[in-house]
Amino acid sequence: MPTIRLENVSKIYKGSKKSQKRFDTLKNVNLEVSQGEFVFFVGSRGAGSSTLLNLISGALQPDGGAVYLDQVNLGKLNRRQEKKLPYIFGKVPQESALVHNRTVSENMCPQSKLGMLSRMGILLADGPLISKALGLVGMAGCEDQYPTELTVSECRRVELAKAILYSPPVLILDKITDRMDDDSIWDILHLLEEMNRRGTTILMATHAKQFVNIMRRRVVTLVDGKVVGDVQKGRFGDIV
């Protein structure tokens with residue numbers, strides 16, 4: 001199980017050539033997450049939590065500092081190492097990535113396989129894993145449905161099922177609770193708790209204040225791209 005470490009990490013957003021403005025999305029962030037932790041990242045919109053999660057997963061590269069997975073700098077991976085990242089980090093992005101004209105099972109199949117396999121091939125190769133993952137998130141039997149037939153909460157459950165398909169050691173969840181009903185949030189959090197008890201590292205950006213306060217896990221608070229609070233068994237917005 002990997003340890004994640006950020007050393008003086010900064011990320012700069014560059015505006016249009018005309019404006020020539022530069023915005024610090026993250027500023028000199030130092031952070032370490034040990035294997036098996038459950039961490040909530042909280043803050044107002046635009047505070048930098050989504051950028052932080054994308055840097056941790058290797059989807060973005062920092063403009064300053066470095067992100068390490070164990071002792072490996074994610075900014076200096078070779079092609080073979082990069083191909084392993086999707087099996088280390090299971091991700092649910094902030095905005096839905098489901099393709100509306102593909103079934104749930106087709107959406108859950110990795111793009112690399114989807115290009116090579118027919119629909120029948122998908123079911124034969126990954127069907128059992130897909131069915132198991134959907135069952136875990138309370139969406140059993142929806143393999144042949146399309147995202148347009150599902151509610152927002154159900155779509156988010158499907159995306160979580162895709163993220164856990166190959167049992168990654170780290171789960172990165174970006175605002176998965178946004179626009180979900182309370183019952184679905186509880187179901188998801190109970191599942192995440194169980195996965196965490198079995199050793200999965202959970203990194204979750206959320207605005208769901210009441211659930212963060214009830215869970216009492218490690219809470220990292222960001223304001224204007226800076227970490228201003230890092231509290232074990234914390235509450236939403238704790239800074240001490």
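Student: Why does Tyr166 count as partly exposed?

Tutor: This is a predicted model, in which local features need pLDDT of at least 70, side-chain atom pairs count only at pLDDT 80 or more, and totals for chains, interfaces and linings use all residues. Residues are numbered from 1 along each chain as its sequence is written, and side-chain values use heavy atoms, with hydrogens and water left out. Buried means under 20% relative accessible area, exposed over 50%, and partly exposed in between (1.4 Å probe, protein chains only). Tyr166 has 27% relative accessibility, so the residue counts as partly exposed.

Student: What makes Tyr87 partly exposed?

Tutor: Its relative accessible area is 43%, and therefore the term applies.

Student: Why is the pair of Phe38 and Phe40 called tilted?

Tutor: Rings of Phe, Tyr and Trp (its six-membered ring) pair if their centres lie within 6.5 Å; planes under 30 degrees apart count as stacked, over 60 as edge-to-face and the rest as tilted. The centres of Phe38 and Phe40 are 5.1 Å apart and the planes stand at 50°, so this pair is tilted. Both residues are buried.

Student: Why is the pair of Tyr87 and Tyr166 tilted?

Tutor: The ring centres are 5.5 Å apart and the planes are at 50°, so the pair is tilted.

Student: How many aromatic pairs does a search of the whole structure find?

Tutor: The search finds three aromatic pairs.
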